Amino acid sequence: MFNAKPFGLQINFNSGMINGAKLSQRRLSDMRGLYADSAALEQIISTEGDRLVYEVFAADLPETEGNILYCTTVIQPGQVGNEYHMTKGHYHARRDRAEIYVGIAGNGQLLLQLEAGTLRAVPMGPGTAAYVPPYWGHRTVNTGAVPFSFFAAWPGDAGHDYGAIAEVGFGKLLVAHDGQPVLIDNPRR
Ligand code: S6P
Ligand code: ZN
């Protein structure tokens, strides 16, 4: 059995990055099918290139019951059409597993959705401690002009289910309207 050893990693509270963590990057091409305006996404890729949308800096820990996993996420500012840069979004594979987010830098919103359809939005900025209860799917959105970063911690056996959100999306989209974030109904649902 693997026994994790005690350790400390350094979070940079300006950039949101974690020194010595495992890095995953999500670019526009990884986000196909997730934005309402897929033509705008392809247009950006063909004219500007495959833009970086977000990065995850994860502590290297076993994904097993009893451990607590943690990472930071840094979402670059930007839009696809009028929809803000966001994470893919997921439910936990074990739906009864909760999560905690703490805002580090920049501003955004945490969108949460129950499978039955109820949707909530929690504004996030530096120091916001947001709770993702069991059963709520979650996605974060950068609504500002600078990178939005946050820390997350969740149970090691939670797992990730991206399929449900990739297929039907969230019930609402966060779009820029006269430069302000507005929640609108997802036209594809
Ligand atoms: C993990 C937690 C976050 C996200 C990260 C990227 O349970 O909710 O660390 O993984 O913000 O989002 P996504 O939807 O691509 O996993
Ligand atoms: Zn999660």
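View 1. The model shown is predicted. The shell around ligand 1 comprises 17 residues, of which Tyr 54, Thr 73, Glu 99, Tyr 101 and Tyr 162 are the closest. By class, this shell contains eight nonpolar, seven polar and two charged residues.

**View 2. Oxygen atoms of ligand 1 lie beside polar side-chain atoms of His 138, His 160 and Tyr 162.** The side chain of Tyr 162 places an N or O atom 2.5 Å from an oxygen atom of the ligand. For His 160, the separation between a polar side-chain atom and a ligand oxygen is 2.9 Å, and for His 138 the corresponding value is 3.4 Å.

**View 3. Strands contribute to the shell around ligand 1.** At least two shell residues come from each of strand 2 (52-58), strand 3 (68-75), strand 6 (99-105) and strand 11 (148-155). Strand 11 makes the greatest contribution, with three residues.

**View 4. The protein contains one cavity of 30 Å³ or more.** The space within this largest cavity amounts to about 40 Å³. Its lining consists of Glu 83, Met 86, Leu 111, Arg 139, Val 141, Lys 172, Leu 173 and Leu 174. Two or more of the lining residues are supplied by strand 10 (136-142) and by strand 12 (172-177), with strand 12 giving the most, three residues. Five residues of the lining are nonpolar and three are charged, while none is polar.

Technical notes
Residues numbered from 1 in each chain as written. Chains lettered and ligands numbered in written order. Predicted model: local features only at pLDDT ≥ 70, side-chain atom pairs only at ≥ 80, totals over all residues. Heavy atoms only, no water. Near = heavy atom within 4 Å. Polar contact = N/O pair within 3.5 Å; in protein donor to acceptor, adjacent residues only side chain to side chain. Helix = DSSP H or I, 4+ residues; strand = E, 2+ residues; numbered from the N terminus. Nonpolar A, V, L, I, M, F, W, Y, C, P; charged D, E, K, R; others polar. 1 Å grid on protein atoms, 1.4 Å probe; cavity = no way out; pocket = protein on both sides within 12 Å on 5 of 7 lines; lining within 4 Å. Points joined across faces, edges and corners; volume = space filled by probe spheres on them.
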